[in-house]
Amino acid sequence: MTTSERGKTTPGEPTSSAAPDIDWQALAVAARSAASRAYAPYSQFRVGAAGLTATGRIVTGCNVENVSYGLTLCAECGLVSALHDGGSGERLVAVTTVSGSGEPCPPCGRCRQLLLEHGGPGCLIDCDGTIRTVGELLPLGFTTDRLAEG
Ligand code: THU
């Protein structure tokens, strides 16, 4: 399914049957708005992320860079912080990440791991004009199951 084919859709098998309808347009608008608030003086590359929670709430985040480049916080970090700051222990159902120009911006490897933790492998990602799952973006991701094997 491509972004242009979608409009407002109901998620399929990858997510819970109790998941809300996904208004991808609303997520894109929220992500672009978040990107406009990014702090990216070093790369000049603004990123905004918007996520839909299982209860229908939209949470957002933007990238926040640091003069010590390695301390940069990706937009998805802010998104996950906002998710938990909401206080309800919700999970992410769908996420859209865009650059400052509004184009889809696939999450980096580290952020795929973050999204796996907080949305699970079935969480839907508007990545590059195609809807993919976190499980597709991060096959064999590291999960708590592994900890039990230690
Ligand atoms: N960035 C994100 O915010 N999310 C990603 O998934 C990829 C990269 C940011 C980090 C940095 O501020 C800028 O993009 C350039 O790498």
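**The second largest pocket and beyond**

Reply: Let's begin with the pocket's lining: by class, eight of its residues are nonpolar, four are polar and two are charged. Keep in mind as you look that this is a predicted model. The lining has 14 residues in total, and those nearest the pocket's centre are F45, V47, N63, C74 and C105. The space inside comes to about 160 Å³.

From here, turn to the largest nonpolar core. This core has 16 residues, and the members touching the most others are L79, L92, V95, L115, C123, I125 and V134. Two or more residues each come from β3 (47-53), α3 (75-85), β5 (92-99), α4 (109-119) and α5 (134-137). The largest share, three residues, belongs to α3.

Finally, look for the aromatic rings. The whole structure holds one aromatic pair. Its partners are Y42 and Y69, with ring centres 5.6 Å apart and planes at 40°, so the pair counts as tilted. Y42 sits in the loop between α2 (24-35) and β3, while Y69 sits in the loop between β4 (58-62) and α3, so that the pair links parts of the chain 27 residues apart. Y42 is partly exposed, at 36% relative accessibility, whereas Y69 is exposed, at 58%.

Conventions
Residues numbered from 1 in each chain as written. Predicted model: local features only at pLDDT ≥ 70, side-chain atom pairs only at ≥ 80, totals over all residues. Heavy atoms only, no water. Core = buried A, V, L, I, M, F, W, Y, C linked by side-chain atoms within 4.5 Å. Buried < 20%, exposed > 50% of the residue type's maximum accessible area, 1.4 Å probe, protein only. Helix = DSSP H or I, 4+ residues; strand = E, 2+ residues; numbered from the N terminus. 1 Å grid on protein atoms, 1.4 Å probe; cavity = no way out; pocket = protein on both sides within 12 Å on 5 of 7 lines; lining within 4 Å. Points joined across faces, edges and corners; volume = space filled by probe spheres on them. Nonpolar A, V, L, I, M, F, W, Y, C, P; charged D, E, K, R; others polar. Phe/Tyr/Trp six-rings, centres within 6.5 Å; stacked < 30°, edge-to-face > 60°.
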